There are 2 protein chains.
Amino acid sequence: MIDTLNERSQSIFEAIVEDYINTAEPVGSRAITKRHRFDLSPATVRNVMSDLEEMGLLVSPHTSAGRIPTEKGYQYYVESLLKVRDLPDEFRNRFETGAGFAGKSMENIMQEVGNMLSSISRHTGLVMAPRFQSTVFRQIEFVRLSQTRLLVIFVSESGLVQNKIIEPGIDFSRRDLESITRYLNQRLTGMTIAEVREKIALELREERNRYNQLEQQALELSGQALQEDIADQIYVAGTSYMLEQPEFNTNDSMVRIMRALESKQQLIDLLDCSQQAGGVQIFIGSQANRAHLDGCSLIAAPFSGKKGAIGTLGVIGPMRMNYSQVIPIVDFTATLVSRMLDRESQ
Amino acid sequence: MIDTLNERSQSIFEAIVEDYINTAEPVGSRAITKRHRFDLSPATVRNVMSDLEEMGLLVSPHTSAGRIPTEKGYQYYVESLLKVRDLPDEFRNRFETGAGFAGKSMENIMQEVGNMLSSISRHTGLVMAPRFQSTVFRQIEFVRLSQTRLLVIFVSESGLVQNKIIEPGIDFSRRDLESITRYLNQRLTGMTIAEVREKIALELREERNRYNQLEQQALELSGQALQEDIADQIYVAGTSYMLEQPEFNTNDSMVRIMRALESKQQLIDLLDCSQQAGGVQIFIGSQANRAHLDGCSLIAAPFSGKKGAIGTLGVIGPMRMNYSQVIPIVDFTATLVSRMLDRESQ
DNA sequence: ATTAGCACTCAGTAAGGGCGAGTGCTAATA
DNA sequence: TATTAGCACTCGCCCTTACTGAGTGCTAAT
């Protein structure tokens, strides 16, 4: 149905979408003919617009206003008409000078990446940390804090470090811990945390009937250490950009948006969707509604080191978003972060 | 000057402040006589109000509106008239059931505390993590990640864990690291990180002329590990409560407030002020302006384990804030967190 | 010292009118 | 047949005007 759009209709539609993206005002027929030098009269453009409205690509907010793209309109625009620009060098430079990751903690890196994304795209930036569950185990270490308390440190293949304090109930000597550490490191390397956990559960059941106390203890200890989920982390940067958008300039919508951006779990769910597929993903309008963000679009891309550790980052803004600018920003950032993670993990 | 306030003026002023806190509307003379059953006519109340205005405790937004407290008015109210209520049991319970800290990371704890503060006070909650600089060193550990990369773990007396990756340039064996660890742990325990750093710098200078290679290496390693500041962390929870306040219901002020709440550094500076003094501190209006938060008040209190590790938490909202409710909430939370930190550090 | 009474002020709301941007339809044109 | 000029019409926006009501300050009486 949309395929029947002839070239003229297409370029008029494109002009409307782009004008609206720039001005945030409904676009009228005369404005189009003026700004774009089609050799057409406003009346002709009106006829075309009328057709586009019938197809569900445009709506007019009221009789005497111009027209604005519908959600379906944006989707069509992004899928069929969008020409993604190259990332201007100035942005590229800002990233590369700004992002020295060496020695910084994962949290700091993520915050910094979020701030970068947000300040360059001039929209709200999101960064979701790699899920610990799906990272690949490289190393475990124990540090004795006191007689009852142990610090457990996991290191993933990609250099991600997580620590946790446990109280095992037994007072392990330094020597015991060393043996346990060696035992675990030999047996668990290369599996994802999820797999490790399964394996431990399995072996614990089998092991009960045998007598190797060391193994028994090692398994119990690591079981305890991994038993609880480490909550997913998400960073949101530049929320005020969202409030500055003219489409959200009522009190109610501002509060609504802020509430949505505060409920991290919903954002996590949303970003999760895009983690499966590789490359840049675009959620327009209701496709992003999972997070109560009506009228918003999300551009997201997963990042990952060579060895697992997948996270997601993205930019969220109004549907009227400059897709051709934002998409390459997200794309480039994801690539950059992946490269950094690789470098870190050597 | 304010001391000349007689009892009647005081209670009228108190009534005005409290009515305004409840309704967010300018309070008129008739409203006062109605709601509070003073045996006075509105005219009399008007005379008193006029005096109070002259003293700078009240203003009227325009001739035909009631009056609202000035910043000075709130200050006087809080200093002289405020009766702090006991914390209702329901809040107490919500805290104590909600807050099992055991085994959780500092970040998670702080986030949870922030959420608690915010949802119970119905205002924006702030939690600033203990500054690593001022925590007391208890233990350092090294974990060998690869030939070139070491993970350094600091544990503070209060159980705070920080880690950092360094690339020392030398490939230390496990045995070397153990000796170095033992050496450092013996010599540094009980000092604050800041002191530790000074000491290392000092000894490094002296040590150059001697020949004990182990000491030399140990010092260099720990020096490198401590060289960079670990950024202060602050958590902000429930920002949408701020936007729901009627005093900030214009687009501009919403954006302004959100920008202010986003610039963490300014919030940190603000909370820093309250860290010095013990107990609950109250910043009203311009006293909190350091963070571009005009028209806001901050209630803050430091928390700390027995052994250093001082952080600050608080609640931020409009000047028209229910001080008598919020103060005990902040107070109680700070005490609770301190107690938890103590328990953790054993 | 307190109060009743009264004139006055002024934000907020509602109603009316003109403006202008934009539309849809129709009839003329290439 | 596609395009265009012309025209009546719609409707949000803004400005003005008028009204209302809450609240004040002042004055004179109690």
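Helices (H or I, at least four residues) and strands (E, at least two) are DSSP runs numbered from the N terminus. The largest share of this surface, four residues, belongs to α3(B). There are 20 residues around DNA strand C, and those that come nearest are A:Ser29, A:Arg67, B:Arg8, B:Thr44 and B:Thr63. Of the atoms of DNA strand C that come within 4 Å of the protein, 78% belong to sugar and phosphate. The surface near DNA strand C consists of four nonpolar, 11 polar and five charged residues. In this classification Ala, Val, Leu, Ile, Met, Phe, Trp, Tyr, Cys and Pro are nonpolar, Asp, Glu, Lys and Arg are charged, and the others, Gly among them, are polar.

Several polar contacts to DNA strand C can be listed by residue. A polar contact is a pair of N or O atoms within 3.5 Å; within protein, one atom must be able to donate a hydrogen and the other to accept it, and residues adjacent in sequence count only if both atoms are side-chain atoms. Base oxygens of DNA strand C lie 3.1 Å from a polar side-chain atom of A:Arg46 and 3.0 Å from an N or O atom in the side chain of B:Ser64. A polar backbone atom of A:Thr63 is 3.5 Å from a sugar or linking oxygen of DNA strand C.

Around DNA strand D there are 20 residues, of which A:Arg8, A:Thr44, A:Thr63, B:Ser29 and B:Arg67 come nearest. Sugar and phosphate make up 78% of the atoms of DNA strand D that come within 4 Å of the protein. A phosphate oxygen of DNA strand D is 3.1 Å from a backbone N or O atom of A:Ser41, and a sugar or linking oxygen of DNA strand D is 3.3 Å from a polar side-chain atom of A:Thr63. The side chain of B:Arg46 places an N or O atom 3.1 Å from a base oxygen of DNA strand D. Two or more residues of the surface near DNA strand D come from α3 of chain A and likewise from α3 of chain B. The largest share, four residues, is that of α3(A). By class, the surface near DNA strand D has four nonpolar, 11 polar and five charged residues.

Chain A and chain B also touch each other. Each chain gives 36 residues to the contact, where contact means heavy atoms within 4.5 Å. About 3,300 Å² is buried between the two chains, 48% of it on carbon and sulfur atoms; buried area is the accessible area (1.4 Å probe) that two parts lose on being put together, summed over both. The interface holds two salt bridges, a salt bridge being a side-chain nitrogen of Lys or Arg within 4 Å of a carboxyl oxygen of Asp or Glu. A:Arg259 and B:Glu244 form a salt bridge in which the closest N and O atoms are 2.6 Å apart. On the side of chain B that touches chain A, two or more residues come from each of β4 (137-144), β5 (150-156), β6 (161-166), α7 (174-188), α10 (239-244) and α11 (251-262). The largest share, six residues, comes from α11(B). This side of chain B comprises 11 nonpolar, 13 polar and 12 charged residues.

Chain A is assigned domain 1 (2-81), domain 2 (89-131 + 232-344) and domain 3 (133-226), with bounds from an automatic or database domain assignment. Taken over C-alpha atoms, the centres of domain 1 and domain 3 of chain A are 61 Å apart.

Over all chains, the count of salt bridges is 16. One salt bridge joins the side chains of A:Glu14 and A:Lys83 at 2.8 Å, N to O. A:Glu14 is in helix α1 (residues 7-23) of chain A and A:Lys83 in the loop between α4 (71-81) and α5 (89-98), 69 residues apart, so that the pair links distant parts of the chain.

Residues are numbered from 1 along each chain as its sequence is written, while chains are lettered from A and ligands numbered from 1 in the order in which they are written. In this predicted model local features need pLDDT of at least 70, side-chain atom pairs count only at pLDDT 80 or more, and totals for chains, interfaces and linings use all residues; side-chain values use heavy atoms, with hydrogens and water left out.

Terms used
A residue is near a molecule or strand if one of its heavy atoms lies within 4 Å of it.
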